[in-house]
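Subject: Structure handover

Hi,

Here is the model I promised you. Please have a look, then read my notes below.

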Amino acid sequence: MWRTRAAAACVICQSLANSSCGIKRKSPLQNLHLVCHSVHHPYYPSSKFQRPPLRISVQLFSSLNRLPLRRTKLLNVKYGYQFHRNFWLARLASRLLKVRYLILGSAVGGGYTAKKTYDQWKDMMPDLDEYKWIIPDFVWELDELIDFEKLIKALPDADDLAKLLPDFDKIGESFASLKGFLSPGAPGETAFRATDQGYDNDKQFKKGLLGELILLQQQIQQHEEEARRATGQYNMGSSQQKRKVSDKEKIDQLQEELLRTQLKYQRMLERLEKENKELRKLVLQRDDKGIHQRKLKKSLIDMYSEVLDILSDYDASYNTQDHLPRVVVVGDQSAGKTSVLEMIAQARIFPRGSGEMMTRSPVKVTLSEGPHHVALFKDSSREFDLTKEEDLAALRNEIEIRMRNSVKEGCTVSTETISLSVKGPGLQRMVLVDLPGVISTVTSGMAPDTKETIFSISKAYMQNPNAIILCIQDGSVDAERSIVTDLVSQMDPQGKRTIFVLTKVDLAEKNVASPNRIQQIIEGKLFPMKALGYFAVVTGKGNSSESIESIKEYEEEFFQNSKLLKTSMLKAHQVTTKNLSLAVSDCFWKMVRESVEQQADAFKATRFNLETEWKNNYPRLRELDRNELFEKAKNEILDEVISLTQVTPKHWEEILEKTLWERVSTHVIENIYLPAAQTTNSGTFNTTVDIKLKQWTDKQLPNKAVEVAWETLQEEFSRFMTEKKGKEHDDIFDKLKQAVKEETIKRHRWNERAEDSLRVIQHNALEDRSISDKQQWDAAIHFMEETLQSRLKDTESVIEDMVGPDWKKRWLHWVGRTKEQNIRNETKNELEKLIKCNEDHAAYLANDEVTTVRKNLEARGVTVDPCLIKDTWHQIYRRFFLKSALNHCNLCRRGFYYYQRHFVDSELECNDVVLFWRIQRMLAITANTLRQQLTNTEVRRLEKNVKEVLEDFAEDNEKKVMLLTGKRVQLAEDLKKVREIQEKLEAFIEALHQEK
């Protein structure tokens with residue numbers, strides 16, 4: 001019987017030994033046999049006391065294999081004396097050692113479940129890699145600032161997770177108590193000593209340490225089963241977890257947190273920018289005081305803007321076109337283009353109007369970062385302080401004036417580009433071009449071709465394959481009314497360089513019945529137009545007096561409270577002009593880096609072609625562009641003006657005297673000499689001469705003299721300007737010199753006081769009758785003879801034209817007379833008979849003499865008019881008088897002796913010689929006076945006028961283009977511009993690489 005019971009006990013001990021998987025070191029089998037021996041032999045002498053029978057049922061559970069262990073029932077033990085080392089202490093130690101495996105298994109299971117949940121949630125998130133360029137860089141750095149692992153672990157219910165974990169404080173206290181309980185004695189002795197503690201009942205065990213561990217084990221088992229079921233249900237797509245949060249809500253929460261973080265960093269950035277601005281101001285103030293002098297380099301965007309300015313003036317020949325990137329802002333009229341541009345520039349810089357067209361020409365705005373918020377035009381040095389309202393108003397007025405001046409008469413819009421630079425702290429570097437708004441109907445007051453002109457301007461800018469199209473759409477009106485979207489779709493059908501901007505979203509949210517329509521627009525599903533990115537912005541409440549700061553605050557406040565953002569219709573990175581500015585700037589510089597080197601290579605090839613063409617056509621000439629040629633021509637013209645001062649006084653006086661006599665000789669002969677010569681005595685002759693000379697001097701002579709002097713100056717100036725300088729003459733300057741000469745002559749005015757002084761001098765010269773010597777007398781006679789012979793020759797020519805050729809010419813040249821000439825010839829012959837009969841005849845025919853001549857001609861069968869007789873008599877008598885005066889002049893060659901005696905006791909009177917001497921002396925004195933005015937005053941004034949004209953022409957590029965023309969000029973001009981563009985592009989590329 002004892003052996004049977006012992007065998008049963010051995011079986012039990014063997015099962016206990018095999019089931020102790022949680023104990024690091026198995027109990028020795030001999031010790032278990034000792035326990036068995038004590039249990040099955042209660043009357044063993046070593047037993048000191050008896051224990052009541054213990055029956056306990058515990059379900060063992062392991063978190064590693066998740067399968068319940070086999071239930072083991074302890075055999076009943078009768079009361080009696082047993083060994084002092086009992087079996088329950090070993091069992092207790094075994095269970096205590098299993099606790100750490102339970103904790104470890106729970107932690108591993110919970111962590112695995114949380115990681116699997118995170119992976120599934122992560123797979124459901126949309127892939128935003130394609131839109132990474134739109135979102136600012138610091139957003140992608142949020143994972144370094146925010147611990148998303150903690151957020152992911154917190155996604156399951158916190159209470160459920162807490163229930164899955166044991167109370168580590170109680171476990172720690174239990175291990176501390178167990179350590180203190182087991183510390184005395186050897187390990188084997190301690191195990192048997194624990195079995196000596198009495199088991200009163202099941203309730204007492206549960207109240208003690210063992211009971212707490214058993215309850216803890218049951219709770220762990222229960223919660224692990226619940227976690228396993230919950231995990232299985234989650235993997236199957238079930239929604240039965242407690243306090244489960246949907247993926248969409250989680251995404252919304254993350255978006256809200258992302259938006260709050262973005263706004264937070266934007267405020268931090270603005271605060272840092274303000275601090276940086278103040279520091280830069282202090283540095284610049286120190287620089288102004290001379291404490292620290294330094295030369296600031298040109299910014300990268302300024303270098304790029306200079307290249308674009310040169311390209312705008314470059315004639316796109318030789319198949320080299322301007323394909324450099326710029327941001328082209330297009331949109332319907334009043335869609336908010338200008339407002340978006342002002343928000344990007346952070347200043348209200350453009351003129352505003354209520355519904356009317358304000359942008360009448362393209363405006364190129366170069367944005368760059370700088371210490372001060374200023375604006376300046378390309379062709380002006382004035383800086384407008386954008387922090388002052390009066391400067392802003394002046395800038396808007398200047399832009400409006402430039403727009404209106406650029407518009408030609410009869411047009412509404414202009415293709416001329418206005419170039420403006422805006423610098424300020426925090427501005428994104430880029431080049432934007434604001435175009436006139438696209439219209440659908442031409443209204444009254446507009447030119448008929450306004451719509452087509454706007455379309456052509458927009459297409460010209462958008463057809464650049466590297467231009468970024470910023471398409472502005474008004475969100476407050478129906479999308480179907482938009483015109484610009486179709487135009488943009490035609491120019492960029494794939495949407496590879498288009499950014500769509502929806503403005504006035506605040507009005508759209510109020511007015512649109514279906515908010516999903518806004519979502520369709522932003523997602524690119526409503527329009528057929530494709531785009532790189534879609535943005536929604538708010539540009540104020542519609543009040544033109546709003547400041548940029550108030551608009552930004554209103555925009556942030558609107559999007560924080562907007563249902564469109566809260567309901568995930570709009571994404572956080574698709575709103576605010578700040579994000580738009582960052583995205584456009586990134587896209588702009590990306591396009592610049594991709595295309596600028598290719599454009600530089602194209603201009604390098606063009607430069608080689610132009611240089612080769614120049615060497616073949618003009619091998620010995622320098623490559624002078626239009627400005628250099630103008631400077632060369634300017635120096636030549638100034639040298640020629642200086643040459644006027646080197647003309648000798650004798651040359652001036654000879655030209656002036658000769659020209660003045662040619663101008664006044666007819667008046668002197670016809671109105672002074674001939675009437676005076678008809679008098680009967682010398683006294684009357686001199687009186688008549690004095691009266692007529694005085695009248696002539698007071699009214700006509702000074703003015704005629706000044707006119708002659710001015711014409712002489714013009715002729716000499718023209719002679720110097722048009723005179724060819726041999727081989728050095730360059731006919732390319734002829735048009736320019738002619739234009740300078742004409743403009744100078746038009747501007748020059750003779751000194752008005754010159755006539756008054758000249759009148760006095762001429763009057764005194766004509767009153768003088770004293771001929772001092774015989775040489776002057778002979779000079780006067782010679783002057784008189786030349787004058788009379790010239791007049792006689794002219795008279796003979798007139799008579800010949802009247803009567804026709806004489807018999808010699810008729811026979812030699814086979815020419816005849818006309819009927820009128822025959823009548824005049826008969827009349828001439830009759831009048832010559834009359835004057836031969838009376839050589840002292842008066843200058844005019846009497847009426848009875850006219851009648852006699854007419855009757856004599858009629859008797860010969862010639863019918864003549866009395867007027868014809870008088871006209872013919874005038875020429876016949878004039879010839880007779882001039883011949884008589886020449887004969888008298890020859891007689892007066894010896895009359896100087898009689899002149900000295902005042903013609904006393906002499907039949908010879910030479911008062912006509914004295915008249916001509918007075919005229920000759922007046923001419924000499926007048927010429928000398930005019931020469932002095934020319935050399936001392938008028939030539940210098942003319943030189944000053946020439947310089948003014950050249951300066952005006954130098955500032956007028958259109959005038960230079962018109963006056964300096966030809967293939968040579970155009971080739972040199974193209975070569976210069978291509979070189980300049982290539983050099984600036986290479987400098988820009990080098991600076992761009994250094995910035996990387």
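Two strands count as paired if DSSP finds at least two bridges between them. Strands (E, at least two residues) and helices (H or I, at least four) are DSSP runs, numbered from the N terminus.

Before the details, the ground rules. This is a predicted model, in which local features need pLDDT of at least 70 and side-chain atom pairs count only at pLDDT 80 or more, while totals for chains, interfaces and linings use all residues. Residues are numbered from 1 along each chain as its sequence is written, and side-chain values use heavy atoms, with hydrogens and water left out.

Strand E6

Buried means under 20% relative accessible area, exposed over 50%, and partly exposed in between (1.4 Å probe, protein chains only). Met430, Leu432 and Asp434 point one way from E6. Val431 and Val433 point the other way. Note that Asp434 is among the buried residues.

Which strands pair with E6? Strand E1 (residues 327–331) runs parallel to E6, joined by three bridges. There, Val327 stands opposite Leu432. Strand E2 (residues 363–369) pairs with E6 in the antiparallel sense, over five bridges. On that side, Thr366 stands opposite Val431, and Leu367 stands opposite Met430.

Whole chain

The protein chain has 996 residues, and 45% count as buried. Its secondary structure comes to 37 helices and nine strands. Take contacts (heavy atoms within 4.5 Å). Among those between residues at least 6 apart in sequence, 81% join residues at least 24 apart. The accessible surface comes to about 54700 Å². Carbon and sulfur atoms account for 51% of that surface. Areas come from the Shrake-Rupley method with a 1.4 Å probe; for residues, only the protein chains shown count as cover.

Confidence

pLDDT is the predictor's confidence in each residue, from 0 to 100. The chain averages 75, and 69% of the residues score at least 70. Over residues 181–213 the pLDDT is below 50, yet this stretch has 58 contacts in the model beyond near neighbours in sequence. Residues 287–296 also stay under 50. For them the model has six contacts beyond four places in sequence.

Best wishes
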